[in-house]
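Hi,

Here is the structure I said I would pass on. Have a look at it first, and my notes on what turned up are below.

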Amino acid sequence: VLFLQIVHILNMTSAKIVSFLLHPEESLHSLQNRIEFETGISTGNQELLLETGICLDPRKPASQCVIDGVRGWDSYMVYLFDKSKTVYDGPFASRSLSDCVNYIVQDSKIQLPIPQLRKVWAEAVHYIIGLKEDYSRLFQGQRAAMLSLLRYNANLIKMKNNMVSASQQLKAKLEFFHQSIRLDLERYSDQMAYGISSEKMLKAWKEMEEKASQCAQAEDIGYLDEQIMALHTEIVELQKSPYARRQGEVMESLEQRAIDLYKQLKTRPPDHAYSDSTDMVKIIVQTVQSQDRVLKELFGHLSKLLGCKQKIIDLLPEIEVALNNIKEADNSVMQMQGKRQREIWHLLKIACTQSSSRSLVSSSLEGTASTPAATWLPQSSSGNTAPHPLSSLAAPEDGENFADVIQENVNYLELFSSILQEVRQEQNSMMVS
């Protein structure tokens with residue numbers, strides 16, 4: 001018996017407790033099936049919360065419901081919520097009266113012997129204490145729902161911050177992209193008359209600018225931000241509400257009055273005296289009325305908590321979609337920026353190639369014009385230009401220099417032809433892309 005594990009489930013939809021003996025290594029899914037059989041709440045709609053607001057992990061065994069502690073295994077409670085409902089129709093009927101307590105409630109002025117009255121009043125005190133404990137358990141379930149809501153809210157805040165950060169980064173990248181592509185289009189238009197031009201590339205750049213304008217729609221998260229801020233305000237108001245705090249002070253004072261009244265009766269001698277139960281019945285009625293009031297407030301507040309939680313659950317997928325849209329737009333902008341920069345460097349490569357080709361041609365032509373003349377000009381030590389008698393005959397060394405110059409010019413011509421062919425191929429490939 002000492003090693004048995006028993007879990008107590010408080011059904012918040014009916015305010016009733018169901019207890020289960022846990023089998024060794026029983027899974028949580030198995031326990032949920034048993035709960036469904038007892039409560040009628042399907043396993044898919046069950047939400048089992050610990051006092052801390054933590055939802056039970058389906059990957060762990062059912063023994064996670066029972067936590068060893070100084071309070072003992074028989075005082076720990078798990079709170080069951082129905083995820084298909086956000087409005088709970090409390091308050092619920094109070095616990096039933098025992099026959100003897102019901103007897104004095106029906107006629108409080110009936111005279112009973114003191115020994116018998118002690119037994120009846122003892123049960124009455126137990127009934128009043130039970131009403132207060134019922135409220136305390138339900139309030140603890142409401143508190144678990146509040147803690148669960150705050151956990152969901154923390155996750156919502158985290159996702160919202162990620163969304164806002166991603167949106168701001170996208171906005172900055174779009175501003176940079178628009179400014180840079182406008183400058184590129186202006187500079188490209190300036191050099192089209194005397195430089196390199198490509199209608200297809202120009203059209204592609206303008207399409208990039210239009211696509212970037214469409215990407216700006218992804219950064220518009222104002223509608224989500226407004227909903228989240230309104231939800232935060234609602235949650236703060238729920239936290240500040242007096243119904244978020246324990247309202248059982250009246251019941252506790254009535255409980256103490258009932259205990260004191262029973263103590264006074266207990267000190268009376270067990271003689272043949274008789275007495276009625278007017279004072280005790282009055283306390284019972286006031287306690288029941290107080291419980292009805294606080295439970296009505298509790299379940300009204302609980303319904304608001306569950307409504308906020310459902311709003312968060314509905315918002316999370318929308319934030320996820322917005323984040324994905326922002327990431328896709330961000331990737332698209334970066335790809336367009338990289339593509340345009342590669343095209344700019346491609347244009348620069350073509351321009352540099354053409355410039356080097358022109359310089360090679362000009363230097364080759366200058367060398368061809370000057371070298372043969374210098375070879376055939378006579379030289380004299382006096383510096384005058386009078387023809388030498390043998391100046392019309394070429395020396396062997398001069399003939400060799402002239403042949404070298406001709407061969408060098410032929411090499412330059414072949415190099416120039418190959419460079420021009422490469423430039424044409426690169427221009428054609430750029431036009432096609």
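The largest cavity comes out at a volume of about 30 Å³. Bear in mind that this is a predicted model. As for how many there are, the structure holds one cavity of 30 Å³ or more. If you want to find the spot, the lining is made up of Y135, F139, Q142, Y243, R245, Q247, V294, E297 and L298. The elements that contribute two or more residues to that lining are α3 and α7 (278–376).

Next, the helix packing, where I kept coming back to α3.

Take α3 and α6 to begin with. The axes of α3 and helix α6 (residues 249–267) come within 10 Å and cross at roughly 165 degrees. An angle over 145 degrees counts as roughly antiparallel, so that is what α3 and α6 are to each other. The crossing of α3 past α6 is left-handed. On the α3 side, the residues that meet α6 are I114, L117, R118, W121, A122, V125, I128, I129, L131, K132 and Y135. Their partners in α6 are M251, E252, E255, A258, I259, L261, Y262, L265 and K266. That contact has 15 nonpolar residues and five charged ones, with no polar residue.

Now α3 and α4. Helix α3 (residues 114–191) packs against helix α4 (residues 199–215) at an angle of about 155 degrees, and their axes are 10 Å apart. This pair is therefore roughly antiparallel as well, and α3 and α4 also cross in a left-handed way. From α3, the contact uses L170, L174, F177, H178, I181, R182, D184, L185 and Y188. From α4, M201, L202, W205, M208, E209, A212, S213 and C215 take part. Sorted by type, the contact comes to twelve nonpolar, two polar and three charged residues.

While you are in that region, look at E219. Where does E219 sit? Its place is in the loop between α4 and α5 (222–240). Apart from its neighbours within four places in sequence, E219 is in contact with S167, L170, K171 and L174. L170 and L174 are also among the α3 residues that touch α4. Between E219 and L174 there are 9.8 Å in space, C-alpha to C-alpha, and the two are 45 residues apart in sequence.

The last pair is α2 with α3. Here the axes of helix α2 (residues 99–106) and α3 come within 9 Å, crossing at roughly 100 degrees. Angles of 65 to 115 degrees count as roughly perpendicular, and α2 and α3 therefore fall into that class. C100, V101 and I104 of α2 meet V120, W121, E123 and A124 of α3. Six of the residues in this contact are nonpolar and one is charged, with no polar residue.

Cheers

Methods: Residues numbered from 1 in each chain as written. Predicted model: local features only at pLDDT ≥ 70, side-chain atom pairs only at ≥ 80, totals over all residues. Heavy atoms only, no water. Axes fitted to C-alpha atoms, helices over the stretch in contact; angles between N-to-C directions. Helix = DSSP H or I, 4+ residues; strand = E, 2+ residues; numbered from the N terminus. Parallel < 35°, antiparallel > 145°, perpendicular 65-115°, else oblique. Left-handed = near helix turned anticlockwise from the far one by under 90°. Contact = heavy atoms within 4.5 Å. Nonpolar A, V, L, I, M, F, W, Y, C, P; charged D, E, K, R; others polar. 1 Å grid on protein atoms, 1.4 Å probe; cavity = no way out; pocket = protein on both sides within 12 Å on 5 of 7 lines; lining within 4 Å. Points joined across faces, edges and corners; volume = space filled by probe spheres on them.
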